[in-house]
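Take a look at it first, and then we'll go through it piece by piece.

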Amino acid sequence: MTALRHDRQGIWAWRITGLVTLLVYIFLFAPIVATVVLSFNASMFGGFPLTGFSLQWYAKLMTNEPVLAAFRTSMWIALVTAAVTTLLGIMVAFALVRFQFPGKQTFGTLVILPALVPETILGVGLLVLIKAVDQPRTIWLLLLGHILLALPYVVLVVQARMIGISRTYEEAALSLGAARIATFREVTLPLLIPAVAAGMLLAFTISFDNTSASLFWRPAGVETMPTQILSMLKISISPEVNALGTVMILVTVGIPLIGGLILQSLTQLRKRVGRKGSAA
């Protein structure tokens, strides 16, 4: 009897947990769904009920020069950030995992520190610093700020993969006469490719979608996509803003998904080629 009561309590506990989880997901994703749906509303007043289906707001985005300029700026910064942080992240993770040097623990903590500090506090702190040294805000400082924010995540992803790679492969290549650079290029780097790709996509998403830090670091007259959306919201909430938000969702969610699918396809293709080679 006691066991049956415990089973019933367990079933109800799982049901309540599932219901709460469902409500949390609805709370999180309902505004996103509403934004996407309202971007196709034919009415100029962004609200329900819908008056018809229309793509006119996306067409207006294509002719809105401030939006296009903000998109180009965000895309350029995100691509450069992804490239630089990936290169630096590989070197930092390799140094932290494979080598011992004085101050290693402190160095690792300093690299990860920007991920532990809230972006708003970090943004205000760096803004105060550049004001104290009388340094004007430039696009290059904005780029450096995005690199600073994204680098810890790339290091953590690549470092986790590096720890799982046995030194045996590298030692075998070195014992056969390969140089250290050749060993890294031919042995270590191919094993790191999944983590490198994941870190690059993560850095791109973090940079492209960054709002709070960009508000403090961007120079006058330069807008990124998130700051452009905020400036448009100050005027009115129109379906054009919903269309721009939908584009942001597609970029920040679609690019990592596409990259993951491509990486998975390449991995499966490599396994098939390896099996055919073994069979031959």
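Take leucine 113, which sits in helix α4 (residues 104–116). Its relative accessible area is 39%, so leucine 113 is partly exposed. Leucine 113 and leucine 149 are 36 residues apart in sequence, yet 9.4 Å separates them in space, C-alpha to C-alpha.

## The overall picture

What you're looking at is a predicted model. The protein has 11 helices and 0 strands, so reading the elements from the N terminus gives α-α-α-α-α-α-α-α-α-α-α. Of its 280 residues, 34% count as buried. Take the contacts between residues at least 6 apart in sequence: 69% of these join residues at least 24 apart.

How confident is the prediction? The mean pLDDT of the protein is 80, and 87% of the residues reach 70 or more. Confidence is highest in helix α3 (residues 65–98), with a mean of 89, and lowest in helix α11 (residues 239–279), with a mean of 72. Where pLDDT is low, the predicted coordinates should not be read in detail.

## α3 against α8

Helix α8 (residues 180–208) turns up in each of the helix pairs below. Let's begin with α3. These two helices pack at an angle of about 145°, with their axes 8 Å apart, and α3 passes α8 in a right-handed crossing.

Which residues meet here? On the α3 side they include Phe71, Met75, Ile77, Leu79, Ile90 and Phe94, and on the α8 side they include Phe184, Leu189, Val196, Met200, Phe204 and Phe208. By class, this contact has 15 nonpolar and 6 polar residues, with no charged ones.

## α6 against α8

Next up is helix α6 (residues 139–164), whose axis comes within 9 Å of the α8 axis, the two crossing at roughly 150°. With that angle, α6 is roughly antiparallel to α8. The crossing of α6 with α8 is right-handed.

The α6 residues in this contact include His146, Tyr153, Val157, Val158 and Arg161, while those from α8 include Leu191, Leu192, Ala195, Gly199, Leu202 and Ile206. Sorted by class, the residues of this contact come to 14 nonpolar, 4 polar and 1 charged.

## α7 against α8

Helix α7 (residues 167–175) has an axis that comes within 10 Å of the α8 axis, and the two cross at roughly 150°. So α7 and α8 are roughly antiparallel to each other. Their crossing is right-handed.

From α7, the residues taking part are Tyr169, Glu170, Ala173 and Leu174. They meet Arg180, Thr183, Val187, Thr188 and Leu191 in α8. This contact divides into 5 nonpolar, 2 polar and 2 charged residues.

Is isoleucine 193 buried, partly exposed or exposed? This residue lies in helix α8, and with a relative accessible area of 32% isoleucine 193 is partly exposed.

Tryptophan 57 gives another case. You'll find it in helix α2 (residues 56–62). Its relative accessible area is 6%, so tryptophan 57 is buried. The C-alpha atoms of tryptophan 57 and serine 39 are separated by 7.0 Å, and these residues are 18 apart along the chain.

Terms used: Residues numbered from 1 in each chain as written. Predicted model: local features only at pLDDT ≥ 70, side-chain atom pairs only at ≥ 80, totals over all residues. Heavy atoms only, no water. Axes fitted to C-alpha atoms, helices over the stretch in contact; angles between N-to-C directions. Helix = DSSP H or I, 4+ residues; strand = E, 2+ residues; numbered from the N terminus. Parallel < 35°, antiparallel > 145°, perpendicular 65-115°, else oblique. Left-handed = near helix turned anticlockwise from the far one by under 90°. Contact = heavy atoms within 4.5 Å. Nonpolar A, V, L, I, M, F, W, Y, C, P; charged D, E, K, R; others polar. pLDDT = per-residue confidence, 0-100. Buried < 20%, exposed > 50% of the residue type's maximum accessible area, 1.4 Å probe, protein only.
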